[in-house]
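Let me put the sequence and the structure up on the screen before I start talking.

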Amino acid sequence: MASSEGFLTDEQREMLKIASLNVENLSSSPKSLSSSPKTPSALLSARAPTAGITSPRHMRRSHSGKFVRVKKDGAGGKGTWGKLLDTDGGSHIDRNDPNYDSGEEPYQLVGATISDPLDEYKKAIVSIIEEYFSNGDVEVAASDLRELGSSAYQPYLIKRLVSMAMDRHDKEKEMASVLLSALYADVISPSQIRDGFVMLLESADDLAVDILDAVDILALFIARAVVDEILPPAFLTTAKKTIPESSKGFEVLQTAEKSYLSAPHHAELVERKWGGSTHITVEEVKKKIADLLREYVENGDAFEACRCIRELGVSFFHHEVVKRALVLAMEIQTAEPLVLKLLKEASEEGLISSSQIVKGFARFAESLDDLALDVPSAKALFQSIVPRAVADGWLDQSFLKSSGEDVQSLGEDEKLRKYKEESVAIIHEYFHSDDIPELIRNLEDLGMPEFNPVFLKKLITLAMDRKNREKEMASVLLSALHIEIFSTEDIVNGFVMLLQSAEDTVLDILDVSNELSLFLARAVIDDVLAPLNLAEINSKLPSDCTGIETVHVARSLIAARHAGERLLRCWGGSSGWAVEDAKDKISMLLEEYESGGVVGEACQCIRDLGMPFFNHEVVKKALVMAMEKKNDRMLTSSKNASMKA
């Protein structure tokens, strides 16, 4: 039988030769299906030399008998059945099919994002702060924050507000400080203010990366917070214990203390540091309020008065408008109808909020005793105004609850009320005459020693609102009263009363915490109080009382180097002899007596000092000298001086 090649043309033989060579190459590959030779008819399908050789597993005979290229995984091409379980063929689920199963419906998994409340709060406060920087409306910002809630996150508000302001102009820095003062106690608690500033100190290193002078700016914010009485001075001391010394935060505290809070007239310097484009001092605000109210009483134009109040831009300070309006109504009784009309219209327009009106009435009630000295009918007038204001709907009844007493019984015990009136008159006379023996005689004539703590509270409160001369006079008087008629317990209780009412006093005297700490420290230096008495005072204060911080500051003042000399000169010593000068003169006269032995001359020198309330220092130093030099002459001189007196 002829070879199969005999039936091939030359062209086919050439193709067969090429195919044979390819088959040999394929047979050497591990992917080759078989190493057996292929028949020519199996190779004829590779017609185009440029197409290459297709593996048999990728070839399939169609229904027409032709060989076709199949898709990967056996899907097949034209004329094939498709691959096993191929679902791309447009199958449709018919809900009307009796065999319909809802489980066959296609479904898609949807991921739900879990939101963090803190992240949501941070985003919300950024929007509120941006809006405040844009419009400068403190009341709107405070209202938005109240509506936002999440009071537990308020420290983050402090951090965000200050950090955003630090990277802006002085205007925004001033606005941030004003907003913090407005939010203090009403929206943000004192502890949250402290926590917020601690967070800022902890992040000072990060802030310094983006803000070159971050240390100085943050130090100024802290100093401003201390000056504005929203941070206690002791904050710097306590914060240093928690902040690493190598951190920028520790550097911030040192800068605030040395560069700002230790400088002379530091309060005025700090308040004016940013130019105050939105800032106006408390004294200026009070003067503007007094002027617009008097102008209103003269012309009766309530619309103009409301416009002036609105232009002040201090909605957080409207309680001062209410208080001064009530004072004006008491001083000028014909102005009472006009004052009540203005307050009612301001309340109905929403110009003065309900909380500000209540606060204004509460402040007025606290100062009613002092006002009654000048206007005897003030209490009766006030008792008639309150029910009318409540009935008209512009004074909330919460005033009665917050005051803690029935308005109809605002009058205190008549005996105590009379004592307060008399003591205030005695103190004013003392500030005018500087006559300590006369003051002591007047107090003894009153014959009410049980009210000695009340007198001390009145004395220091009145002195704090005056110049350094009166403050020095008050400290000197305390030394005299301690020896003559006041016990240590009286003085301790008096300071406790002062510290408990400090939060109310700060409304009228912004620097009350610093002033009280100086009075306390000075009392210790003058031997009026012992250092242990500070612990006793501290134990009598409520745990949440800001006066505790004041006591801590007093302790730190006493513990400082040369504390005695510095505290004795803290108010200039302008009243008579400074205590230190008197001590020096007593030492000199005793040394002169010890060397000369002339009793009459020594007694005359003691008399010339003119400080009978301080003669206890003569006795004390005489005893010390007698023990040190073992000289009984000092004791004899004390006896003779006592007999001559």
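This is a predicted model: local features need pLDDT of at least 70, side-chain atom pairs count only at pLDDT 80 or more; totals for chains, interfaces and linings use all residues.

Charges, then. Side chains of opposite charge can pair when their charged atoms come close. Here the count comes to 19 salt bridges, and I've picked a few. Lys 287 pairs with Asp 291, with the closest N and O atoms 3.2 Å apart. Those two sit four residues apart in helix α13, residues 282-299, so about one helical turn separates them. As for exposure, Lys 287 is exposed at 53% relative accessible area, while Asp 291 is partly exposed at 39%.

Now a pair that reaches further along the chain. Glu 349 and Arg 310 form a salt bridge, closest N and O atoms 3.4 Å apart. Glu 349 is in the loop between α16 (336-348) and α17 (354-366), and Arg 310 is in helix α14, so this pair ties together parts 39 residues apart in sequence. Glu 349 is partly exposed at 46%, and Arg 310 is partly exposed at 46% as well.

What about Glu 472 and Arg 522, buried or exposed? Buried, both of them. Their salt bridge has its closest N and O atoms 2.9 Å apart. Glu 472 belongs to helix α24 (residues 468-484) and Arg 522 to helix α27 (residues 512-525), so the bridge ties together parts 50 residues apart. And there's a network too: salt bridges with shared partners join Glu 174, Arg 224 and Asp 228.

On to the greasy part. In soluble globular proteins, nonpolar side chains tend to be buried together. The largest nonpolar core in this model has 59 residues, and those with the most contacts inside it include Met 166, Leu 201 and Phe 221. Helix α9, residues 214-227, supplies the largest share of that core, 12 residues. If you click on Leu 201 and ignore its neighbours within four places in sequence, you'll find it touching, among others, Leu 218, Ile 222, Phe 235 and Val 252. Apart from that core there's another one, of 58 residues, with Leu 459, Ala 480, Leu 520 and Ala 521 among them.

Back to α14, where Arg 310 was. Its buried residues are Ala 302, Ala 305, Cys 306, Cys 308, Ile 309 and Leu 312. At the start of α14, a side-chain oxygen of Asp 301 comes to within 3.2 Å of the backbone nitrogen of Phe 303. Just past the helix, Gly 313 has a positive phi of about 70°.

Phe 221, which we met in the core, makes a tilted pair with Trp 274, 4.7 Å centre to centre and 50° between the planes. Phe 221 is in helix α9 and Trp 274 is in the loop between α12 (266-271) and α13, 53 residues apart. Both are buried. Then there's Phe 455 with Phe 486, edge-to-face, at 6.1 Å and 90°. Phe 455 is in helix α23 (residues 452-464) and Phe 486 in the loop between α24 and α25 (488-500), so that pair ties together parts 31 residues apart. And Phe 361, Phe 364, Phe 382 and Trp 394 form one aromatic cluster.

That's my tour, thanks.

Notes: Residues are numbered from 1 along each chain as its sequence is written. Side-chain values use heavy atoms; hydrogens and water are left out. A salt bridge is a side-chain nitrogen of Lys or Arg within 4 Å of a carboxyl oxygen of Asp or Glu. Buried means under 20% relative accessible area, exposed over 50%, partly exposed in between (1.4 Å probe, protein chains only). A nonpolar core is a set of buried Ala, Val, Leu, Ile, Met, Phe, Trp, Tyr and Cys residues joined through side-chain atoms within 4.5 Å. Contact means heavy atoms within 4.5 Å. A polar contact is a pair of N or O atoms within 3.5 Å; within protein, one must be able to donate a hydrogen and the other to accept it, and residues adjacent in sequence count only if both atoms are side-chain atoms. Rings of Phe, Tyr and Trp (its six-membered ring) pair if their centres lie within 6.5 Å; planes under 30 degrees apart count as stacked, over 60 as edge-to-face and the rest as tilted.
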